[in-house]
Amino acid sequence: MTPTERYYEQLAKTTMKNLEKRQIEAHYCSNSAQAVTLASELVQPDSVVSFGGSMTLAETGMLDALRNRTDLTLLDRSKAGSEEEVREIYHKALSSDYFFMSSNAISATGHLVNIDGTGNRLAALIYGPSNVIILAGMNKVTPTLEEAISRVRHMASPINAVRLDRDTPCTLSGTCSDCLSPDCICAQTVITRRSNIPNRIKVILIGEQLGF
């Protein structure tokens with residue numbers, strides 16, 4: 001085991017302990033394949049499943065695993081033929097049995113920090129789906145809540161703005177300028193400090209660099 005792998009395991013133990021104090025179910029997998037297997041086992045057959053935009057879900061193979069299951073109803077907005085259909089899927093997702101997403105940052109103290117433009121992902125995280133399953137690489141774990149917020153603003157958001165080819169100041173400077181650009185993807189910032197429903201939110205930490 002490499003020093004990085006040992007570090008991730010120890011940091012994950014601390015983070016999971018603090019997530020569980022906040023009634024958030026927590027798991028650790030050393031790689032993406034293990035995480036996809038675990039997450040798949042958490043999803044019961046004949047369920048309605050949806051997901052938010054996430055590079056992590058694509059990189060791990062989680063999206064492919066969900067799309068390949070024939071025993072689920074998958075609300076997949078990539079199959080929508082119009083903006084109206086996309087909006088309909090957004091609304092249906094709030095009544096799904098399982099909602100998959102990643103988190104822009106997770107503090108070792110057990111906070112989830114997420115930023116969003118449309119807000120559909122954060123709406124589902126906060127209320128609606130019976131279960132929320134979060135896959136996140138250990139690169140997203142920060143020591144403190146303050147550092148998690150900084151990571152979201154100054155790392156995750158600028159990179160995602162570049163990925164989405166947005167016309168925002170951060171795509172040129174690489175750092176947040178707290179802009180009000182029409183192309184801004186930072187409309188909503190949510191800090192989840194506790195799951196009011198025990199274990200509704202399930203976090204799977206992965207010992208890899210994943211997503212932004």
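**Figure 1. Ala136 in strand 7 of the predicted model.** Ala136 is found in strand 7 of a structure that is a predicted model. Ala136 counts as buried because its relative accessibility is 1%, and buried means under 20%.

**Figure 2. Asn131 in strand 7.** Strand 7 covers residues 131-137, and Asn131 lies in this strand. Is Asn131 buried or exposed? With a relative accessibility of 16%, Asn131 counts as buried, because the limit for this class is under 20%. When neighbours within four places in sequence are left aside, Asn131 is in contact with Asp97, Tyr98, Phe99, Arg200 and Lys202.

Figure 3. Six strands form an open sheet with parallel pairing, in the order 1-10-7-4-2-3. Strand 1 (25-29) and strand 3 (73-75) are the edge strands, and each of them pairs on one side only. From one strand to the next, the twist averages 20°. Helix 2, made of residues 32-42, packs on the sheet and touches strand 1, strand 4 (98-101), strand 7 and strand 10 (201-206). The direction of helix 2 makes about 165° with that of strand 10.

**Figure 4. The pairing of strand 2 with strand 3.** Strand 2 (residues 48-51) and strand 3 run parallel and are joined by three bridges. Which residue of strand 3 stands opposite Val49? The residue opposite Val49 is Leu74.

Figure 5. Rolling a probe the size of a water molecule over the atoms shows where empty space is left. The count comes to one cavity of 30 Å³ or more. The largest cavity holds about 70 Å³ of space. Its lining consists of Ser50, Phe51, Leu75, Arg77, Ile89, Tyr90, Ala93, Leu94, Phe99, Asn120 and Ala124. Strand 2, helix 5 (83-93) and helix 6 (120-126) are the elements that give two or more residues to this lining. Helix 5 gives the most, with three residues. By class, the lining of the largest cavity has eight nonpolar, two polar and one charged residues.

How values were computed: Residues numbered from 1 in each chain as written. Predicted model: local features only at pLDDT ≥ 70, side-chain atom pairs only at ≥ 80, totals over all residues. Heavy atoms only, no water. Helix = DSSP H or I, 4+ residues; strand = E, 2+ residues; numbered from the N terminus. Buried < 20%, exposed > 50% of the residue type's maximum accessible area, 1.4 Å probe, protein only. Contact = heavy atoms within 4.5 Å. Pairing = 2+ DSSP bridges. Axes fitted to C-alpha atoms, helices over the stretch in contact; angles between N-to-C directions. 1 Å grid on protein atoms, 1.4 Å probe; cavity = no way out; pocket = protein on both sides within 12 Å on 5 of 7 lines; lining within 4 Å. Points joined across faces, edges and corners; volume = space filled by probe spheres on them. Nonpolar A, V, L, I, M, F, W, Y, C, P; charged D, E, K, R; others polar.
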